[in-house]
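Thanks for coming. I have one structure to go through today, and I will take it from the overall form down to single residues. Please have a look at it first.

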Amino acid sequence: MLVIGRIGSFERMFYNAHLVFSSLVVLLQVSHASEILRPRGVSISKASFYVPERDFTCMDGSATVPFIYVNDDYCDCEDGSDEPGTPACPNGTFHCTNAGHKPLNIPSSRVNDGICDCCDTSDEYASQASCVNNCNELGRAARAEAQKLAELTKQGSELRIQLSKKGKQIRQEKQEKLNQLEKDLGEAERLKKEKEGLKIAAEDLEGSALKQYQQEEEERKQAQNEEEKRENEQEAFEYFHKLDSNQDGKLQLSELQVRQTFDSNRDGEVSDDEAKFLLNQQEEMSWEDFVISGWPRMKPLLMLDKGLFQGPDSTHTAKQEGDNNQEEKEHISEGKEEELDHSEDDEDEEEEEEEDDKLYEPHPEEEDPSAYEEDEEEGETANEAKGEVEEAASKYDEETQRLINEANQARSEFEEADRNVRDIQREIQQIKDTLLKDYGSEEEFAPLDGECFEFTDNEYIYKLCPFDQATQRSKSGGADTRLGSWSGWIGADDDKYRTMLFDGGQSCWNGPQRSTKVKLLCGTEHALKSVSEPNRCEYFFEFVTPAVCLQLDSGDKQDNIKDEL
Amino acid sequence: MKKIRQCFGIVLWLIIVSLGCNPVQSVDRNNFKTCEQSSFCRRSRRVKPGQSPYQLHLNTLSVGSSSISAELVNYNNLAKFKFELSAIKEETFRMKISELSPIRPRYEVESALVSEPELDTLKIIEQTADHVTVQAGANEAKVFAAPFRVDLYSHGQLVISSNARGLLKFEHYRKKPEPKAEEGAGAAEEAEAAGEEDIEADPGAWEENFKSHHDTKPYGPAAVALDFSFVGAHHAYGIPEHADSFALKSTKNTDPYRLYNLDVFEYELWNPMALYGSVPFLIAHGPARTVGVLWLNAAETWVDILSSGDQTVVSSIVNFVSGSDPTPQVDAHFISETGIIDVFFNLGPRPLDVFRQYTKLTGTAPLPQYFAIAYHQSRWNYNDQDDVRMVESKFDEHDLPLDVMWLDIEHTDNKKYFTWDHLRFSQPTEMTQNLTAHGRKLVVIVDPHIKRDGSYFLHNDAESNGYYVKNKEGRDFEGWCWPGSSSYLDFLNPAVQDYYAQRYSLDNFKGSTEDTYIWNDMNEPSVFSGPEVTMHKDCVHHGGWEHREIHNIYALLNTKVTFNGLFRRSEGKLRPFILTRGHFAGSQRYAAVWTGDNAADWAHLRITVPMCLSLSVSGISFCGADVGGFFRSPDEELITRWYQAAAFQPFFRSHAHIDTKRREPWLFGEETLGVIREALRKRYSLLPLWYTLFREHELTGAPVMQPLWAQFPTETDTFAIDDEYLLGDRLLVHPVTEAEASSVTVYFPGPGQIWYDMDSYEAIHVSSKHSGGRTEQIPVNIRKVPVFQRGGTIVPKKERIRRAASLSLDDPFTLLVALDVNGTASGTVYIDDGRSYEYKQGKYLYLDLKFEGKTLTSRFIDKNSKFPTKAWLERVVIIGWPSAVSKARIESKGMGTNVLEASYNSAAHLLVVRKPAVSMAEEWTLSLL
């Protein structure tokens, strides 16, 4: 055997003399006879560059130096290739054989720095560090781990095949369903069109009948109003003269103050203020003024006195009656417009419905109990009005009423046909959206759509719904915080389906919109394994699923779990 | 005229305070006082220059071997004071003026001076009815009696005149006048007779409001003020901390520079507002003389600066002194709220003399451990112990050197310092051991505010032992800070000092180890609910002192006690490391200082240089700024330039606000990662130089980071430069602080000097024909950090970059020998164990390196010191060598003689001697053959 002595003036740089004494390595050397004498820190693949009989040329060609300069603890090559076994070159690499475990390349700066980096201790040959060769233990553990992983991957990949099969089946079913729906849609649209025609015809007839009816009704009402006005003036005239006790054609304060009726505050006397109010702040009032301003003020008091109504609120009864009439008309015409416009509203409404699906938080107004009461009241009013319409409807003549009924019938049939069309369209859109989603090269992720997975840490419950959204909820309760909606796959080019992105979540106070990256790891079940927040409002989930278990998968990818951080 | 004191304000204030305190700090400038809003400042600033009413009674003169003293009288009110002038070793005079018999003791600053200054002998060389002249060494002081004035001469040259403008003001303690509603006129006459109209007329003299806060001022007006004229000075420097230019600006049309330790949220640049620290030390520099003035006062202080250009009364003094010559002059006017007048005059005559003289008084920074001058990684906050582990491992993965990981307030259990968050940091010892296994350290934050929480041992101890600062009613002061309702330890109390130091012991601070070091933040003190975000001035400390009297030394005492705690923790073996935000004169003895909560923009990067220069010349050499900027997120270019700049500043730490994006170097592009790695490597490769400069600072007081005029004092062009600086006398650094820069304008000082580009070794010659330097456009790309080695110096380096500095102690040295015009160079290298105090027992190597002709020698400066280093000499690079040489010879006792190979690069004039391989622990001689 060749004995390699000291080279140079330092103890630091030796050949791998220990190889000679290690039977295991000797065996290796026998199988690679030409590479017996590798300088320290050189991998087998690079051993041929180092030939003791020749000057050494740096691998980048930057210099040629005597071979004794190799591993002499002085950096001669710009690429560090003359010092594979010492820390002399700032950009060098040291190779540990790590017999029994995996070989490792470390930066030269970690050679003899007092920290054991190589399990075979070869990096700390001249330092204080007391390293122990634990390659065999590590190797055993690593092999066991690798085997476990391989086993897991094997099981997982079988599950993956099933997932993929299921995913493809889902796709096929959806496609079939889509075909069926598209057929149904044609039929439904034809029906809608037919019903629309019928509706238009019925509404034409109804329209002209109603117009006729309304015109007549108008005239009748006008006559009635004039009669009422005349009666009111007559009443006022009679009362004016009754009050005008001195018959001078004018009302004075004193004339009013004797009437207990005008004691509005019920204090036993009619004060100046009370009387003056009735005379519109004047000392006296003529008949002309009385009709305009005096009578409307006094009449309620008189009527109250007579017990005609219960309180001041009902003073508007007469007016209200008039308004009701008005409402009646409006109600009918509004209803008609609404229905006519339906076809245009379709899209909007659909959008609204979709939005409703997305909204998790109850509408704020609904939470407010007082607002809710108001809604109820409105409802009651509407019901009352409806009753009155029916009452009023009974006033229609028989023919008009028949046309209205027929039109109502046609409208409701059209409505139903229209709803049917929209239902089908919506379903088609949903399926189309689903079919557009990227469920992996073999549809292996498709079965995850619609599923949700939870993870609980010290403070929060996190929920991942693949292809939909990620959320967070405090353990102590409260509303969900959206950490992002499905955006897409963002894995590296060759490994696209390893990372999911959910973005556009709720904004942080003083910060960005929340977003979540989900790293997928191979496992035999679906589970959310960990959650962290490496950046404020940027979440990082680890999700285990068989869908990423590929037989060929090496363990390396698992090692780089936190690369993005 | 009689003024009726307004009392409505108090009632309103009580209502507002009872409503609770708002923890949100505001960016608003209006949260901080102007001089006009501060009663003592406006009173003192209104004193008009002219004849001073103060007169010295020379008939009371008493003369000692080192001092003279006499009575000083204010002839406006006949108040009597004691004047004392003493000579101190190292060309220094001390002047003290205090009340002769005050009705309450006046506060005198403790802990700022390293010890009682060593006295020098002084003799009277002249005495007349009008003045007395004393001499100490080469310096003289001429004390004029009426009006009172003290003129200081250095080597026969008048350099400082105090009270030349007659702005001396000493408000003696007095009884609070009874309000006399009817006899207003009488009181006014009294006041006028006493020459105290200003106090009587000032509604803020006996109580003061600012915003919603009320200051009861139970002892009334007590301001002290004095002016100094610096004859021959072109500029004044120092009095940090301000976010302003290095050369102080005239304050004629602005507020004075303010010294009042404050936690300023998102501070503004280029103005004289107060910041976190206060060092009342001012240097006046001109081509002929450099002097320093330490105004030793811990109360709120304002400093007005006037320069010759201001066309004020200043000029008449100049002419008075030096005839009609337009001698340049700088005037300073120091105004403090209370305390005494205690002034030290460091008479130079050169910048390095002043640095030495000043640090003789207040101390130098002790040599830090080697890790402390390497790279620190911080963030508010690393989320948990796994995050710390992950970040640390990423540094290794990306081959980025790192020495220290930092934890901000979130590591604690609900902001209870000395505790750990039970969930996120459940295994602190394990976490720390993971760092130390890679040669790294941990720094955790410990703030002085204490959470008022009945389950917190520290609060319970402090409350039951009376360790808290008291409010004006004598109860424990309560304010709002990070933990919510908090109280503040009273570091003036010796029992608190002892108790607090003990908290740092490994037994008491569970989860800490000897590798856990400390960050004292918020120690201005910051009180979110207090006036100007600090403590009420009428709070009361141990000894009955008001907070107003000691405010500016609160942080100093905080770090002093922490230092003692860490020192005791290792039984005096290991050198403590502490970072502080608040600071005062003397803080350098205990802690490094960073410039607080800066922001991620270019202007903030730019101002790191003047801010650290100001601190450096004021004794605080270990200075740095948050790399990347604390608030907001830097873009790739800014963070790159910041790393490059900070790699050449003394304290090198990346830190960020909790709301910012993560910014560890690998989170940017591949190129940025590469450039940051290069910047870190530059820092690590030059650590032997940094370490040597820190040691030399400890020995001489010379700052590590120096203004150009420190080495080129007569070169007037350097006086206003604050975009470049020197490291020791060896490197010139001009960081790139502008976006998209393609070049920087570098001023190369020193006629006849050669400066060598550290990357290309290209030589820039400064002509010896002119008196000034040379200005050159230096092209820069994103990788370029413009740093130049001065010809004639030798820089020690280590080119092996370990993952942590502490792992590189045994690594070999490279010496960069940069030749001057004579072909000579010299330098020093300091080597020790990098962590312990054994160097104090002579366990170190201090090498004197000299290159002359063809020979480089290494000789021990201290022949008795020894340190068995394994480090050896790897390479000698001779820069500026004229011709090819291929062989060299190394000789030492231990190694004998060896012949070495040398290679010459004729284009770069660079000679590299290969592997001398001699131990650094030997003296040796290397000769070119």
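Chain B has 929 residues, and its radius of gyration of 28 Å agrees with the value near 30 Å that a compact globule of that length would have. The radius is taken over C-alpha atoms, and the globule rule is 2.2 Å times the number of residues to the power 0.38. Along the principal axes, the C-alpha atoms of chain B fill a box of roughly 100 × 70 × 50 Å.

Some housekeeping. This is a predicted model, in which local features need pLDDT of at least 70 and side-chain atom pairs count only at pLDDT 80 or more, while totals for chains, interfaces and linings use all residues. Residues are numbered from 1 along each chain as its sequence is written, chains are lettered from A and ligands numbered from 1 in the order in which they are written, and side-chain values use heavy atoms, leaving out hydrogens and water.

Chain B has 17 helices and 52 strands; these are DSSP runs, H or I of at least four residues for helices and E of at least two for strands, numbered from the N terminus. Its domain assignment, which is automatic or from a database, gives domain 1 (1-31), domain 2 (42-173 + 204-362), domain 3 (370-447 + 497-538 + 551-700) and domain 4 (793-928).

Now, domains 2 and 3 of chain B. Their centres, over C-alpha atoms, are 35 Å apart. In contact (heavy atoms within 4.5 Å) are 53 residues of domain 2 and 50 residues of domain 3. The buried area is about 4,100 Å², with 59% from carbon and sulfur atoms; buried area is the accessible area, with a 1.4 Å probe, that two parts lose on being put together, summed over both. On the domain 2 side, Phe246(B), Asp263(B) and Tyr276(B) lose the most area to domain 3, together 16% of what that side buries.

How many salt bridges are there between domain 2 and domain 3 of chain B? The count is 4, a salt bridge being a side-chain nitrogen of Lys or Arg within 4 Å of a carboxyl oxygen of Asp or Glu. Lys537(B) and Glu337(B) form a salt bridge at 2.9 Å, N to O.

Next, the two chains. Chain A puts 34 residues into the contact and chain B 35 residues. Together they bury about 2,900 Å², 39% of it on carbon and sulfur atoms. Between chain A and chain B there are 10 salt bridges. In the salt bridge of Asp73(A) with Arg800(B), the closest N and O atoms are 3.0 Å apart. On the chain A side, strand β13 (residues 527-535) gives the most, with 3 residues.

Last, some backbone details. Most residues other than glycine have a negative phi, and most peptide bonds are trans. The peptide bond from Pro240(B) to Glu241(B) is cis, with omega near 20 degrees; Glu241(B) sits in the loop between β14 (235-238) and β15 of chain B. Glu524(B) and Pro525(B) are also joined by a cis peptide bond, with omega about 0 degrees, and Pro525(B) lies in the loop between β28 (516-520) and α11 (547-550) of chain B. In chain A, Asn112(A) has a positive phi, near 55 degrees, and is placed in the loop between β4 (104-107) and α3 (135-243).
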